[in-house]
Amino acid sequence: MKKFFPVYVRVPLLFALFFFAVEWLVGGDGEKPAFMEHPVVLILLGLFLFALIAVEIVASATNKILDRLMTPEERAAKEAETSLPFSQQPWVKKLMSKLTKTKTIQEEADVMMDHDYDGIKELNNELPPWWVGLFYVTIIFSVIYLLRFHVFDGDNQVVEYEKSVAEAQLQIEEYKKNAPDMLTADDAKYLTDPADLAVGKKLFDSNCMACHKIDGGGSIGPNLTDDHWILGGGIKNIFHTISEGGRPGKGMVPWKNNFKPSEIEKIASYVISLNGTNPADAKAPEGDIIWSKANLEEGAADAAPAEESAPAEQVAPAGEVASTEESAI
Ligand code: HEC
């Protein structure tokens, strides 16, 4: 043994084992190791190290004394023993014979059975204890398994799977909260949740009212409440207008650097919610594209996937003006 684990390996190894065992048993909150959280653990670790070193010193002292007391023959025998290869060491041999209970060739006659198949004979060997032990372990395991999963309803694979999916879903939500928004005009949806519209209204009131008036009736910018659109109605076009701006030189700047895409989606939804509100002193309609909230509802009524590509939503991109006939179908 000493050959494989000299003292400078043995002590740190045992100490590390003890350290991790304590860490595992006492357990910190995952952030700090246990010995930082509970000072008692530090004392315990110190004591263990002290005891280890003490044992080593005592053992080496006794060895030295024993060595001195040995006769030269005894010393030679001991040296011969320690220089044997690993598999020939007496303790290894003893262990192996305990684990396998094999008979030596000389003893085979004792276990020979009287079966004889064309000269092939059979030995009635004992089952090797390592194998029997393993077999008992599987029986114990199966009892625990049975109780845990079939009597006390432990989580089976399906439940475990669902739990980890739910956990991952939470992590994705968390990631989305902090990650830069990936939303583009193409995936933008008309949000009807009052909470989303409230956020949209707040951002609209503080950023857009200067040109579109608080009620969307329009002043420098066009009226956003009527059915006439210069740059196109519908969530995708309005999202695009807000993030990329209007025609050059008209005063509607791109807002994509001021808002996250998810915020633009909310503002655009709020703009849509203003459609048809007919505020007092509204600006005269501008733009040849006709689009109203009713287009959305029609789309929703027949609930066809075609809703996404409703013709009114596909009006000309910023800069081009589609003809009324095309867009008003
Ligand atoms: C500096 C004034 C100004 C501000 C501030 C402003 N806009 Fe505009 N907006 C305009 C003008 C001018 C146009 C017309 C652009 C054009 O003709 O190309 C316009 C056009 C639009 C359109 C397209 C209307 C249509 O008929 O197609 C939408 C939608 C819009 N603005 C929304 C917003 C939102 C939302 C905000 C706040 C984030 C905002 N605007 C802030 C001046 C402004």
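## Briefing: ligand shell, cores and turns

Helices α9 (194–207), α10 (209–212), α11 and α12 (261–274) each put at least two residues into the shell around the ligand. Helices here are DSSP runs of H or I with at least four residues, strands are E runs of at least two, and both are numbered from the N terminus. Bear in mind that this is a predicted model: local features need pLDDT of at least 70, side-chain atom pairs count only at pLDDT 80 or more, and totals for chains, interfaces and linings use all residues. Residue numbers start from 1 along each chain as its sequence is written.

**Around the ligand**

- The shell has 26 residues, and C208, C211, G221, G246 and M252 come nearest; being near takes a C-beta atom, placed from the backbone, within 6 Å.
- Sorted by class, 16 of the shell residues are nonpolar, eight are polar and two are charged. Nonpolar covers Ala, Val, Leu, Ile, Met, Phe, Trp, Tyr, Cys and Pro, charged covers Asp, Glu, Lys and Arg, and the others, Gly among them, go down as polar.

**Helix α11 and the cores**

- α11 spans residues 234–244 and is mostly covered, with ten of its eleven residues buried. Buried takes 20 or more other C-beta atoms within 10 Å of the residue's own, exposed takes 12 or fewer, partly exposed is in between, and C-beta atoms are placed from the backbone.
- The buried ones are G234, I235, K236, N237, I238, F239, H240, T241, I242 and S243.
- Just after this helix, G245 has a positive phi of about 90°.
- The largest nonpolar core has 16 residues, with I235, I238, F239, I242, I267, A268 and V271 making the most contacts inside it. α11 and α12 each supply at least two residues of this core, and α12 gives the most, with seven.
- Away from that core sits another one of five residues, including L231, I289, I290 and W291. A core here is a set of buried Ala, Val, Leu, Ile, Met, Phe, Trp, Tyr and Cys residues joined through C-beta atoms within 7 Å.
- V271 touches G216, L224 and I238, leaving out residues up to four places away in sequence; contact takes C-beta atoms, placed from the backbone, within 7 Å.

**Hairpin and positive phi values**

- Strands β1 (residues 112–117) and β2 (residues 120–123) pair antiparallel over three bridges, where pairing takes at least two DSSP bridges.
- Two residues separate the strands of this hairpin, and D118 in the turn has a positive phi of about 50°. Y117 faces I120 in β2.
- K213, in the loop between α10 and β3 (228–229), has a phi near 65°, positive though the residue isn't glycine. It counts as buried because 20 other C-beta atoms lie within 10 Å.
- D281, in the loop between α12 and β4 (289–290), is another non-glycine with positive phi, near 55°. With 9 other C-beta atoms within 10 Å, D281 is exposed.

**Annotated spans and V41**

- An unreviewed UniProt entry annotates residues 7–27, 39–59 and 130–147 as "transmembrane region". Such positions follow the numbering used here, feature names are shortened, and annotations may be inferred rather than shown by experiment.
- Residues 7–27 are 95% helix and 0% strand, with end C-alpha atoms 29 Å apart.
- Residues 130–147 are 100% helix and 0% strand, with end C-alpha atoms 26 Å apart.
- V41 belongs to helix α3 (residues 39–69) and is partly exposed, with 19 other C-beta atoms within 10 Å.
- Setting aside neighbours within four places in sequence, V41 is in contact with V22, V26, A34 and F35. V41 and F19 lie 22 residues apart in sequence and 9.4 Å apart C-alpha to C-alpha.

Notes: Contact = placed C-beta atoms within 7 Å.
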